[in-house]
Amino acid sequence: MSVPAEITDFLGILDESPVGVSVSRRRDGVVVFVNRRFCEITGIPREQCIGAPARRHFADEHQRHDVVRQLREAGEIDAADVEFRRADGSPFWSVLTIRPAILNGEDVNLAWIYDVSKRKQAERTLRDSKALFRTMLDSSVDGISLLDETGTVLALNAAAAAIIGDGHENLVGRSIWDCLPGPVAERLRRGAARVLERGETVEGHDAVADRLFDVHMHPVADSDGCIRRIALFSRDVTQSHQRRMQLRKLETALEQAPVAVMITDAKGNIEYVNRAFVLVSGYSEDEVLGRNPRLLKSGETPNTVYRDMWHRLGHGSTWQGELCNRAKDGTLFWEYATLSPIRDDEGEITHFLAVKENITQRKETELRLVHQATHDTLTGLPNRLLLEDRVLHAIELARRERRQIGLMFLDLDRFKIINDSLGHVAGDQLLKVVADRLRQTLRRSDTVARLGGDEFVVVLTHFQSTSELAEVAEKIAAALEEPVELSGHVVHVGASIGIALYPEDGDDFTSLMKDADAAMYRAKQKGRNTFCFYDSDMNDQALDRLKLEEALRRALVRSEFQLYYQPQIDLQTGLMTGVEALIRWNCPERGLVSPTVFIPVAEETNLISMIGWWVLEEACRQQASWRAAGIPPIKVAVNVSGRQFLNTALVECISDLLRQYEVEPSLLEIELTESTVMAEPEKAIEQLTRLREIGIQVSVDDFGTGYSSLSYLKRLPLSTIKVDRSFVRDVNSQSDNAAIVSAILGLADALDMSIVAEGVETEGEETHLRDAGCIKVQGFRYAQPMPAEKLRDWMISYRS
């Protein structure tokens, strides 16, 4: 890459300039830059100049105060003769010019000094010796002319003659105003008048032809002290002016550039940074000049990138790439850098140029998009996409190292009930808690991912045996079984876990997931909150279950469900006191499907809610139909699932149905299982109270099979306890069952609740229950569940 001329000028112009230059801050006078000529004039090294106050250079304190005063009044100094002090303490005279400027957003003073010690000496010499004056004229590189009061050239050196453009002999004795361009002559004439009248030194800049000159006019007194002569000094500053203009353009361009620019020497020490670099890195220019760029190193960029970079730069090539650097405040930022070597005329690398675009926002967006694409937004866990990638990678390693992989499919138990009852916000919070517990339970080498909903997957790659996998599954189950407080409610959630092994159960991601899913459903069938390893029989069961789910969804649309009714009998009067509505499914492909088969599937797929609403409406519709047919009112007990019961819309929906079909609330009874009531006792109490307020009675079904707490049971507004058929069977001959039934009857009496004994089939069971004090019963001894149209015939025959 060729080196731009502006860069070369920028590197050399200030140090090669014959004019001493310094830059100091206006607010405190501290020097922030000096060029090499300034250091040569003063004899003070650059490092001692920068950071020190500018006032140290003045030899005369009164002069310094005059300079400060003029700066305060006029804002600048124009060609003032000032005596400075060198490093060794010796004084020297300089012409000082100061202009205000702004550097990096800060007010500064730009000072130019010309060492005029020789000229001062020459002025004194002129007063004393023509010989010395002549020597000075001939040796000076500046154009020097001696003029009288009329502007006639009395003497001049070769440099002055060259500037004017005529021979030495032709100029002496002529008016200099006639030898110069009109505008230049006029300005000099006015300056000469000031010199003669006021004894002032006048400075200016004038252009002759295509050259630019700095001009100084000084008074020269004769032996009487009268000023009748003018010493005119001129210096060709065309090249330095051009370089200065180029430097200003370059500095302006670099300072306004939207990219960071840094220049280092051949050893990598920073010599220049622009404003964009300061803004991005947080380091000021003073903090980085002279230091190595490695101060930005973050440790996040691989060392291979740096090795490649220096290899290419060392061979004179340009390097481009991304770097992750660390700012002064510790934050990371990304840059796309282009680094190029700078060569001198001999081809030697003298500097390096770095142009760096800040791509932090773009990188953060890329990383955020990648994270969003590969992680679950709720829990932060890997999603299915990243899970599949990790499993495939694990399979490759396991295949090479001949190891096993364990894939666990987790489905939370009872999550849908909690989510429906407490709301999605609480459900999301529960999922976060589950994700945290899984992270804490597993090792860092394990992968835990969320597929969606309440499904999680765990991948284990380092274990010795399947027994170790079983231990991990037990730890997960134990961790998830711990209670969780959500929205003021303490809930319990477990997990059913299915485990598949590579390569025994599958050799790819899809087959492992399918097998682990099948094993998970087997775990649910075994009682939930447990785990199960996959076996080949599960595949057929999983396919059958999938078909059953599809058929179940169609059943609602095709109206394949029907309610059967089983009478409840009063043992004292022998009359029917009501019926229990029981759902039946007459599937065209499967025939009559038992509720014990399709209800669990409905609960797992959330179809249970739609089925439950259908049952409630069908029971109310049937009561309206019986009423229209002239049948006396019949109390109907309807089973409600846990998810439906905890739904906040339950009471409103039942109220709407009662109004729609004009059914008295006392004719509808809600049956809940004991586990449903006790799952969320506080929530259950609130819901039961609302049901009682609209006149709906509630009974607890299958009582004695759950884990009721008496402290809660006595607070629940229940009307009826239904004794499970497992305790009624052979109650007349099984002492344990008899004791349990007796205890339940005593409990109901103490809580002022009625009792219904389910599953009565024999005369002995009936007699025992009657003698024990049980009033209501139902079971095959009296009637099997039957369609509504057959119930009327049964009622007529039963009464007769």
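At what angle do the axes of helix 22 and helix 23 cross, and within what distance do they come? The legends below refer to a predicted model.

**Figure 1. Helix 22 and its crossing with helix 23.**
The axes of helix 22 and helix 23 (residues 607-628) cross at roughly 115° and come within 5 Å. From helix 22, the residues that take part in the contact are Ile599, Ala602 and Glu603, and they meet Leu607, Ile608 and Ile611 of helix 23. Sorted by class, this contact has 5 nonpolar, no polar and 1 charged residues. Helix 22 covers residues 595-604, and its buried residues are Phe598, Val601, Ala602 and Glu604. These four are on the same side of helix 22, because they cover an arc of only 165° around the axis.

**Figure 2. Packing of helix 16 against helix 20.**
Helix 16 (residues 384-401) packs on helix 20 (residues 509-525) at an angle of about 110°, and the two axes are 10 Å apart. Helix 16 is therefore roughly perpendicular to helix 20. Helix 16 contributes Arg384, Leu387, Glu388, Val391, Leu392 and Ile395, which meet Phe509, Leu512 and Met513 in helix 20. The contact has 7 nonpolar, no polar and 2 charged residues.

**Figure 3. The cis peptide bond from Tyr502 to Pro503.**
The peptide bond from Tyr502 to Pro503 has omega near 0° and is cis. Pro503 is placed in the loop between strand 21 (494-502) and helix 20. Most peptide bonds are trans, and most residues other than glycine have a negative phi.

**Figure 4. Two residues other than glycine with positive phi, Ser559 and Asp730.**
Phi of Ser559 is positive, near 55°. Ser559 lies in the loop that runs between helix 21 (537-558) and strand 23 (561-570). With a relative accessible area of 62%, Ser559 is exposed. Asp730 also has a positive phi, of about 55°, and its place is the loop between helix 29 (725-728) and helix 30 (735-750). Asp730 counts as partly exposed, at 35% relative accessibility.

**Figure 5. Buried and exposed faces of helix 31.**
Glu765, Glu766 and Leu769 are the buried residues of helix 31 (residues 763-772). They cover an arc of only 100° around the axis, so they are on the same side of helix 31. The elements that cover these buried residues include helix 29, helix 30, strand 30 (754-757) and strand 31 (776-777). The exposed residues Glu763 and Asp771 are carried on the face turned away from the buried side. Gly773 follows helix 31 and has a positive phi, near 105°.

At 18% relative accessibility, Arg584 counts as buried, because the cut-off for buried is under 20%. Phe561 is 23 residues away from Arg584 in sequence, and the C-alpha atoms of the two are 5.7 Å apart. Apart from its neighbours within four places in sequence, Arg584 is in contact with Glu560, Phe561, Gln562, Tyr564, Leu592, Pro595 and Pro785.

**Figure 6. Surroundings of His57.**
His57 is placed in the loop between helix 3 (46-49) and helix 4 (61-74). It is buried, at 5% relative accessibility. The C-alpha atoms of His57 and Arg85 are separated by 5.5 Å, and the two residues are 28 residues apart along the chain. Residues up to four places away in sequence left out, His57 touches Phe38, Thr42, Ile44, Cys49, Phe84 and Arg85.

**Figure 7. Surroundings of Ser175.**
The loop between helix 8 (168-171) and helix 9 (176-179) holds Ser175. The relative accessible area of Ser175 is 18%, and the residue is buried. Ser175 touches Thr150, Gly151 and Thr152, with residues up to four places away in sequence not counted.

Terms used. Residues are numbered from 1 along each chain as its sequence is written. This is a predicted model: local features need pLDDT of at least 70, side-chain atom pairs count only at pLDDT 80 or more; totals for chains, interfaces and linings use all residues. Side-chain values use heavy atoms; hydrogens and water are left out. Axes are lines fitted to C-alpha atoms, for helices over the stretch in contact, and angles run from 0 to 180 degrees between N-to-C directions. Helices (H or I, at least four residues) and strands (E, at least two) are DSSP runs, numbered from the N terminus. Angles under 35 degrees count as roughly parallel, over 145 as roughly antiparallel, 65 to 115 as roughly perpendicular and the rest as oblique. Contact means heavy atoms within 4.5 Å. Ala, Val, Leu, Ile, Met, Phe, Trp, Tyr, Cys and Pro count as nonpolar, Asp, Glu, Lys and Arg as charged, and the others, Gly among them, as polar. Buried means under 20% relative accessible area, exposed over 50%, partly exposed in between (1.4 Å probe, protein chains only). The arc is that of the directions from the helix axis to the C-beta atoms.
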